[in-house]
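Please keep the viewer open and follow the stops below in turn, making each selection before reading on.

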Amino acid sequence: MAHDAPAKTMTQSVIVIRNIGLLLSGDLTRPILDADTVVAVDGKITAVGKEKNLDTEGATVTVDAKGTTLAPGLIDSHVHPVAGDWTPRQNQIGWIDSYLHGGVTTMISAGEVHTPGRPKDVVGLKAMAIFAQRAFSAFRPGGVRIHAGAPVIEHGMVEEDFKDLAAAGVSMLGEVGLGSVKDGATARQMVAWARKYGIQSTIHTGGPSIPGSSLIDKDIVLAADADVIGHVNGGHTALPDDQIVALCEKSSRALEVVHNGNEKAGLLALRTAKELKQLDRVILGTDSPAGSGVQPLGILRMISMLSSLGDTPAEVAVCFATGNTARIRKLDCGLVEPGRTATFVLMDKAQHSPGTTVLESIQRGDLPGIGMVIIDGVVSAQRSRNTPPATTVPEIVSH
């Protein structure tokens, strides 16, 4: 005789963030929301609005934002991880956790290119990519999600290799042009194979950055037609101005501006995208770890630089590092809306900043102070050890 299975009792994790002074959505079409409360259940946003209109009962964690600003967790679209939270490029441990204190909650690998003895044969590069994808899927320093396992393409790869990589869970290529494939026609064929199997591609743009790399100019970039024009402002050496403008005008692909690039070239790319009314193409990365070090506050610095020197509202600049990247990279974070991952950064103007609000402070060129970082509905960090101290910090008021 069959019996009904006993009802399962599951304790839901409910976080309520209330008393938000300013809510940045990450969405270019509506960067500021008229809301003061966010509710999330089991790591997913379920409601955004005014507290008086929302059901906030049953909270397992309540955060009083104390009038500070809530934004989506920042996304670094261009990093080069290797092994856990260690980088051999700078022989530094804890760099990812340090980026968490700069508001970065998600990282996208542009290739694990600094791996000592990095294999360049097809079997080896595929094995390394699958290993990195598996390792970083299971290892999240401080809660930061790293989308890793981005193989650098080499001559000798065939369509079946991309099919194998996709079947193994690899979803990105490392920077096209850092391997042996440097001509536009071959790169375009491999990018097309990758795209066929749902693998996104980024192309190195500009002068060489590591031994073995070479100049990748606008003709190669346009011919390859990768999904993301990696460090359009150079990594480190930028292309001539006319070539950067041509990439903005003749391609419809994402324009990635990075911290470890040419700032003047980055501002040119931003200005051109603005003139084309295509700010939705602009995304941000650090291109680190690199020879210039690691930059825990690199994304915040890019937001501040592009806002203050690029004559861009701060709330729009925040979208470059959140909603724009999430859309282009097909991520479930980056926007404050029901159904998205409950991953946020709460910040305020830095103490003694001449700006009267956090947005004015950023637009003046100052960095905000981070008071709390929440990843997947869990408080991962409180007052940042890296940013200038925030004027006001949120508080966990109940568990």
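In what order do the six strands of the open sheet lie? Colour the strands and read across: the order is β3-β2-β7-β18-β19-β20, with mixed pairing, where strands are DSSP runs of E of at least two residues, numbered from the N terminus, and two strands pair if DSSP finds at least two bridges between them. The edges are β3 (32–33) and β20 (378–381), each of which pairs on one side only.

The model is predicted, so local features need pLDDT of at least 70 and side-chain atom pairs count only at pLDDT 80 or more, while totals for chains, interfaces and linings use all residues. Residues are numbered from 1 along each chain as its sequence is written, and side-chain values use heavy atoms, leaving out hydrogens and water.

Next, select β2 (residues 22–24) and β7 (residues 69–72), which run parallel and are joined by two bridges; Leu22 stands opposite Thr69 in β7.

Then move to His78, which is found in strand β8 (residues 74–79) and is buried at 0% relative accessibility (buried means under 20% relative accessible area, with a 1.4 Å probe and protein chains only). Its side chain makes polar contacts (N or O atoms within 3.5 Å, one able to donate a hydrogen and the other to accept it) with the side chains of Glu175 at 3.1 Å and Glu256 at 2.6 Å.

Finally, select the cysteines: with a disulfide taken as two cysteine sulfur atoms within 2.5 Å, the count is zero. Cys248 has its nearest cysteine sulfur, that of Cys319, 19 Å away, and Cys248 is buried at 1% relative accessibility.

Conventions: Helices (H or I, at least four residues) and strands (E, at least two) are DSSP runs, numbered from the N terminus. Buried means under 20% relative accessible area, exposed over 50%, partly exposed in between (1.4 Å probe, protein chains only).
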